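Hi,

Here is the structure I promised to pass on. Have a look at it first, and then read my notes below.

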Amino acid sequence: MLFSAPNSQFFIRHYFTCLSCNLIHCFYCNKYGLIYIGGTGRSLRVRFGEHRIRRSVNNHDNTKHVARHFMSGSHHISDMRIRALCPISGTNDSRKRQGMRLIHSLGTLHPSGINKKLSWQRSGIRICFDF
């Protein structure tokens, strides 16, 4: 299956279900066509549920990029879609690195997408990657 993003296209080579775990996923905004790339070790169903709960129940917590986007404007919960992109084996750091590669190659950094950064904290040290 071919997945289109602002800078590029990505071919999804694997079959996923809502029970699939250890993967890179994207949230897609049907209203504005913006994309957020993320990763999870939990199931896709659980991760989507976490974002839906954060968006619909805790409207005052807009510290997360996905929640902030979907709480803005006249969004409805039906504007939010999720899609698994690729499986990841290994550590949480492996998921982060692969996610950052996709954020860069697919062009999902703000303002073209919902992602805000290409770095993360690990053991008190800020890790940044140059692509």
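Let's start with a term you'll need: rings of Phe, Tyr and Trp (its six-membered ring) pair if their centres lie within 6.5 Å, and the planes count as stacked when under 30 degrees apart, edge-to-face when over 60, and tilted for the rest. With that in hand, F27, Y36 and F48 form one aromatic cluster.

Before going on, two notes on how to read all this. The model is predicted, so local features need pLDDT of at least 70 and side-chain atom pairs count only at pLDDT 80 or more, while totals for chains, interfaces and linings use all residues. Residues are numbered from 1 along each chain as its sequence is written, and side-chain values use heavy atoms, with hydrogens and water left out.

Back to the rings. A pair of aromatic rings is described by the distance of the centres and the angle of the planes. A search of the whole structure turns up two aromatic pairs. In one of them, F27 and Y36 sit 6.3 Å apart, centre to centre, with 40° between the planes, and the pair is tilted. Both F27 and Y36 are buried (buried means under 20% relative accessible area, exposed over 50%, and partly exposed in between, with a 1.4 Å probe and protein chains only). Why is the pair of F27 and F48 called stacked? The ring centres of F27 and F48 are 6.0 Å apart and their planes are at 25°, so this pair counts as stacked. F48 is buried, as is F27.

Now the overall layout. The chain has three helices and seven strands (helices are DSSP runs of H or I with at least four residues, strands are runs of E with at least two, and both are numbered from the N terminus). Along the sequence they come in the pattern β-β-β-β-α-α-β-α-β-β. Of the 131 residues in the chain, 39% are buried. The accessible surface comes to about 7600 Å², and 50% of that belongs to carbon and sulfur atoms (the areas come from the Shrake-Rupley method with a 1.4 Å probe, and for residues only the protein chains shown count as cover). Among contacts with a separation of 6 or more, 56% are between residues 24 or more positions apart (contact means heavy atoms within 4.5 Å).

- A5 is in the loop between strand 1 (2-4) and strand 2, and it is buried, with a relative accessible area of 16%. The C-alpha atoms of A5 and L106 are separated by 5.5 Å, although the two are 101 residues apart along the chain. Leaving out neighbours within four places in sequence, A5 is in contact with I35 and L106.
- L19 is in the loop between strand 2 and strand 3, and at 56% relative accessibility L19 counts as exposed. L19 and L44 are 25 residues apart in sequence, with 6.0 Å from C-alpha to C-alpha. Not counting residues up to four places away, L19 touches S43 and R45.
- H65 belongs to helix 2 (residues 65-71) and is partly exposed, at 24% relative accessible area. From H65 to N115 there are 50 residues in sequence and 6.8 Å in space, C-alpha to C-alpha.

Next, some backbone details. Most residues other than glycine have a negative phi, and most peptide bonds are trans. N22 has a positive phi of about 55° although it is not a glycine. You'll find N22 in the loop between strand 2 (9-11) and strand 3 (23-29), partly exposed at 34% relative accessible area. The peptide bond from H110 to P111 is cis, with omega near 15°. P111 is in the loop between helix 3 (92-106) and strand 6 (119-122).

That's what I found. Happy exploring!
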